[in-house]
Amino acid sequence: MAALFGRMAFLQACRLLFIDISNPRKLGSSSRRYVCSVKSFISPVGLGALSRQYSSETKEELLVRYLDGEDNGIVVVGINRPKAKNAISKNLVKMMSEAVEDIKRNCKVRSVIFCSLVPGIFCAGADLKERAKMHQSEVGPFVSKARALITELGKLPMPTIAALDGAALGGGLEMALACDIRVASNAAKMGLVETKLAIIPGAGGTQRLPRVIGVSRAKELIYTARIVDGAEACRLGLVSHSVEQNQRGDAAYLRALELAREINPQGPIAVRMAKLAMNQGIEVDLSTGLAIEEACYGQVIPTADRLEGLAAFKEKRRPHYKGE
């Protein structure tokens with residue numbers, strides 16, 4: 001109850017600007033930035049230390065916020081479908097696809113955090129109530145669109161972090177698997193549970209999970225539809241960090257924000273090239289991977305950031321990278 005009253009007090013005291021993907025009122029040329037008066041993200045100690053709060057009054061299913069101040073360059077994408085446990089619907093796929101496309105085109109973005117605005121849940125997977133109303137001929141195309149969305153999420157050029165403060169099941173875990181880094185609370189539950197419904201993971205789970213935790217362990221989890229908690233997921237290598245949940249229910253998000261802040265000061269072009277080299281190199285033999293690394297290294301040589309890094313090292317000061 002204390003946490004709830006604290007949340008309400010913060011919500012009454014703070015009103016922040018958000019990017020509402022469902023409202024096509026463009027504010028910038030490089031990305032779709034929309035303003036709404038939603039009070040779902042608040043900062044108890046200023047914009048530089050964002051903390052998530054929840055409001056049952058919000059109607060937007062996806063909220064995207066570009067942080068500013070010292071956190072400029074960090075984007076937070078929050079799923080907000082409380083009644084459906086953040087299940088993946090046609091509308092959510094559409095909005096997330098638009099958000100991912102806008103983020104991809106924005107060269108000022110340095111990292112992206114994917115999280116939930118609903119306590120105790122990250123994403124419960126496909127919206128089975130909506131799925132039950134689909135004609136059989138509609139299921140295949142919908143799954144293809146969901147798979148394409150998660151594929152594009154995985155192709156984002158900047159680092160991505162999934163903050164799992166609650167259950168990530170089926171397509172929800174597949175979404176998290178497409179991110180570079182996963183952080184979970186110790187109480188979070190996750191698993192690819194599709195075989196319980198006599199189907200298989202259809203948005204990359206059969207391919208990404210073995211690459212993350214190994215083939216044998218992935219087969220065991222998928223065959224059994226087993227659900228693991230954050231601590232077990234960390235032991236398996238499914239998540240990079242497992243943190244003890246706090247009273248607000250946002251411990252994983254706060255840890256993800258810490259990681260994003262560690263990434264932020266680094267050379268943004270270098271970070272993007274490092275991601276590209278790793279993502280492409282891991283799929284090929286070592287010799288080809290080294291050639292990919294060499295090509296990516298060649299992209300950073302002519303940058304102003306590289307020269308700034310050398311100058312800062314010589315002058316014993318903190319570098320100021322601009323992504324140029």
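Just after helix H7, Ala-225 takes a positive phi of about 55°; helices here are DSSP runs of H or I with at least four residues, strands are runs of E with at least two, and both are numbered from the N terminus. This is a predicted model, in which local features need pLDDT of at least 70 and side-chain atom pairs count only at pLDDT 80 or more, while totals for chains, interfaces and linings use all residues. Residues are numbered from 1 along each chain as its sequence is written, and side-chain values use heavy atoms, with hydrogens and water left out.

Helix H7 itself spans residues 215-224, and within this helix Ala-218, Leu-221 and Ile-222 are buried, where buried means under 20% relative accessible area, exposed over 50% and partly exposed in between, with a 1.4 Å probe and protein chains only. Seen down the axis of H7, the buried residues fall within an arc of 95°, so they line one face of the helix; the arc is that of the directions from the helix axis to the C-beta atoms. An α-helix has 3.6 residues a turn, so residues three or four places apart point the same way. The face of H7 turned away from the buried side carries the exposed residues Ser-216 and Tyr-223. The cover over the buried residues of H7 includes H6, strand E12 (228-229) and helix H8 (230-236), with contact meaning heavy atoms within 4.5 Å.

The pockets come next. On a 1 Å grid over the protein atoms alone, a pocket is an open set of points where a 1.4 Å probe fits, with protein on both sides within 12 Å along at least five of seven lines, and lining residues have an atom within 4 Å of a point. A volume is the space filled by probe spheres set on the points.

| Pocket | Volume | Lining |
|---|---|---|
| Largest | about 1,000 Å³ | 29 residues |

In the largest pocket, Gly-154, Asp-180, Lys-275, Met-278 and Asn-279 lie nearest the centre, and helix H10 supplies the largest share of the lining, nine residues.
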